[in-house]
Amino acid sequence: MDAQQVKDSFEAHTPVFHVHPAQIDPKALADAQRDLVACALEKGGFPSEVKKALSKLDWSDVVDSSDYALAGADPSRYLEIFAGILTGRGFDEVPAYLAASCMSLAVRAQIEGVAALVSELAGPELLASAHTMYCPVCGSKPTVARVGGSSSSDGRGKTLGCLQCGCSWEFERIRCVHCGVQNPKRLHYYNIEGDDSHRINTCDECGGYLRTTFVEDFLVPFSFEVEDVVMAKLDALAADPSIAKGAKGAEGEGSAV
């Protein structure tokens, strides 16, 4: 893969991995999955039936029965299929979701190095001009964003983060990442009282939301992965029916973006 191939994918609005997949090592994938699931079951406090269901699985067999090469081309699609394989084997929603979450981390371990190379080949200018509603590298949907900090708009714009491959790219501040609507009257933000720097941006048009961190100083170290954990509590806020309808929520404060 070279800089011209990366540029061609960006200009065609096609995720780079869809055209130039990252290579996946099935043994390393199964080993990582085994370790991640074991750690989650040990530390997560899951019910005994969930532990029993997942601990008996042969992850090498599960990975070999999946189209693991797809994980390097379209990781989001692979994870959907992976979860389907487990439910097809009789697993309930909770263990299937837990296993898929662990597999997401196992996949990232194999693709984030290539994704970093793609971002380097793309360069700041292409990443600043991407403005796609999906990761321009792996095609996954963003779940976290940053407003402020270093950007081509001097911190006034929004930067989206892909937790699947680690790529980040710039995006319009007033635009829904799910449906693309740019009507400010249909877009709002909400935060939990006392924490104005972590908010959810909601869209009346499609009902989607995005967790967003507002950063004042671009010199302060920033990590989308850390912010993902910090903002997990905002998922519960987004589930509030009054928030989904665009009204002021009991736990948060609503305002136009």
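Is Asp 31 buried, partly exposed or exposed? In this predicted model, Asp 31 has a relative accessible area of 26% and is therefore classed as partly exposed. Its salt-bridge partner is Lys 27, and the closest N and O atoms of the two residues are 2.9 Å apart. Lys 27 has a relative accessibility of 57% and counts as exposed. Both residues belong to helix α3, which spans residues 26–43, and because they are four residues apart there, about one helical turn separates them. The pair is also part of a network of salt bridges in which Lys 27, Asp 31 and Arg 34 are linked.

The count of salt bridges comes to 14. Two further pairs join separate elements of the chain, as described below.

In one of these pairs, Asp 195 forms a salt bridge with Lys 233, with 3.6 Å between the closest N and O atoms. Asp 195 counts as buried, at 16% relative accessibility, because the buried class covers values under 20%. Lys 233 is partly exposed, with a relative accessible area of 43%.

In the other pair, Asp 228 forms a salt bridge with Arg 211, and the closest N and O atoms are 2.6 Å apart. Asp 228 lies in helix α8 (residues 224–230) and Arg 211 in strand β6 (residues 209–214), so the bridge ties together a helix and a strand at positions 17 residues apart in sequence. Arg 211 counts as buried, with a relative accessibility of 6%, while Asp 228 counts as partly exposed at 23%.

These pairs can be set against the chain as a whole. The protein chain has 10 helices and seven strands. It comprises 257 residues, of which 46% count as buried. Among contacts in the protein chain with a separation of 6 or more, 63% are between residues 24 or more positions apart. The protein chain exposes about 12,800 Å², and 53% of this area is supplied by carbon and sulfur atoms.

Technical notes
Residues are numbered from 1 along each chain as its sequence is written. This is a predicted model: local features need pLDDT of at least 70, side-chain atom pairs count only at pLDDT 80 or more; totals for chains, interfaces and linings use all residues. Side-chain values use heavy atoms; hydrogens and water are left out. A salt bridge is a side-chain nitrogen of Lys or Arg within 4 Å of a carboxyl oxygen of Asp or Glu. Helices (H or I, at least four residues) and strands (E, at least two) are DSSP runs, numbered from the N terminus. Buried means under 20% relative accessible area, exposed over 50%, partly exposed in between (1.4 Å probe, protein chains only). Contact means heavy atoms within 4.5 Å. Accessible areas come from the Shrake-Rupley method with a 1.4 Å probe; for residues, only the protein chains shown count as cover.
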